[in-house]
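Take a look at the model below. This report covers a contact, a helix and a pair of domains.

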Amino acid sequence: MTLRRYLIRRVPRAALALVLVVLIAYLLFGVLPRTGGASLSGYLKAIFVDSYRGRGSVPSLIVGRVPATLSLVLGALVMWVVVAVPIAIAAAVRRGTSFDRAVAGSMLALGAAPAFWLGLLGLYLFASTVGQFPFLPGQGAYVGLTADPGKWFTSLIMPWLAMALTQGAMASVMLRRELTELSQRDYVVAASAKGLPHRTVVWRHAARAAAAPTLKVLGIELGALIGAAVVVEAAFSINGVGLLVYRSIRHDNLVIVEGTVVMAGLLMVLVRLALDVIRALVDPRVRTT
Amino acid sequence: MLVIAVIAIAAPLVTDIFGVKGPEVRSPGAVSALGVPSGPSGAHPFGVDDLGRDILSRVVYGSRVALEVGLLGALIATLIGGAVGVAASFAPRWGQEIVVAGLDACLAVPAVLLGVGIGLACGAAGCAGGVVSPGRATAIFAVVVAGFGMVARIALRIGAAAEVRRPLVTRLGVSALRLVPAAILLEAALGFLGVGVRAPNAEWGQMIASAGRDIASGNAGWWGLVFPGLALTGTVLAFMLLARGIERAVST
């Protein structure tokens, strides 16, 4: 299938999904909990336009906090791509060896741990405020990147680790499954048989084939990463979208949570569409599915 | 895995064996005058929380919530998802496109956010005309809404033609198993954030949240943080390994 035909199929589906995100949110939060319920237009106006208790519209409340959440998610993502993806590829190539088994085991164990728990353990151990071995900034230490880059970085080390170790491990488990047959593919076997050094086999041949599966896992995992950002922001008092949601729970502000749900859903549909298109560009085999 | 199930079912017996009090019983003597909870001791092997409640007992009772929400949530999500997917596989092509887009929409919203929304919407007075009551049912409902899309996609891809009926059932069974650890983690995250199962019911996520507050305020009690977290991680890991083992067994 040509790329153009792939787009003709994929883009309308995403457009339809955008509409359905709003409709499903309306059904779940506007109709189901209440008898009677608001009209769709009234519902949309409440979560997109109306000023919330004089603090501005819900989207404006969210947008102001996006930089903090973005710092968190992107940083954790960079950690995952730089550390975990190469490990997962290396393990997949050496499938069945003790290295592969050790990687798989530790990934699974880390993936089973919740990010907020690991974050709080980190605070208990290393936070400069209450830690047993204080050397990293603790709760509420986050400052914007533009305000103080050094502080921004150090305050995010523990939150990044909490997210990358748990969600990253989960993603690596998935990636390893996607790469399962990698070590048996003809061209990998042929490359090894040619006597190429192991490193060349991994980076020249296996890594290229792993690009599309990595993007696929990324698309699935991004939602979980945003979810982890919510709990990690709550644990570390980072003033991002997650903390806004957390505070909204405390104050029972359903409207703000609904707005966040809808906006996150719309954003994720677009991001997944973008990832799918990149995937189809990188790997022509994707276009047939 | 089996051990966890036995502990959950026989929770009152387990707490009796260890000679600790019930999950909601407060022991004022175990908290200092300044409200600092005491650590592990003979009377309270895992220590007590800020209200003087025995942590071992609460960890044991917390397993009931985790298993109930995890197993029931995964089961209902699989049944609904399987039904939706199979029904859609009979639909004409344009109908399938709409269903796929709808599933894309459901899966686009991060599960934790969806759960928080449902928890807030249904947590006060229930929803869906009383079918979903506040508390555990709300947490289960959140798990179902967040999880059924994945199953429906698989069912739709396989279809329901007679020759694939057995592989379909196997795949659905495997995906039900794989949903369980995810459901337990989601439920704990919701508890941590303060929606879903409500106090004073013992629930691991809430226990971790309250221990976190104690640590932040300087009443450092590692025991309040470590034990429920280990129980949660261990339970999730056990179900992950079970799902993997069974998946491997049926795929060969």
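## Where the chains meet

The contact takes 46 residues from chain A and 45 residues from chain B. Two residues are in contact if their C-beta atoms, placed from the backbone, lie within 7 Å. On chain B, the elements giving two or more residues to this side are α4 (93-108), α5 (111-123), α7 (165-193), α8 (204-216) and α9 (222-251). Helices are DSSP runs (H or I, at least four residues), numbered from the N terminus. α5(B) gives the most, with 10 residues.

The chain B side divides into 36 nonpolar, seven polar and two charged residues. Ala, Val, Leu, Ile, Met, Phe, Trp, Tyr, Cys and Pro count as nonpolar, Asp, Glu, Lys and Arg as charged, and the others, Gly among them, as polar.

This is a predicted model: local features need pLDDT of at least 70, side-chain atom pairs count only at pLDDT 80 or more, and totals for chains, interfaces and linings use all residues. Residues are numbered from 1 along each chain as its sequence is written, while chains are lettered from A and ligands numbered from 1 in the order in which they are written.

## A kinked helix

α6(B) has a kink of about 35°, centred on B:G147. The bend is the angle between axes fitted to the seven residues ending at a residue and the seven starting there. Just after α6(B), B:G159 takes a positive phi of about 80°.

## Two domains in chain A

Chain A is divided into domain 1 (1-65 + 251-289) and domain 2 (66-239). These bounds come from an automatic or database domain assignment. Each domain gives 13 residues to their contact.
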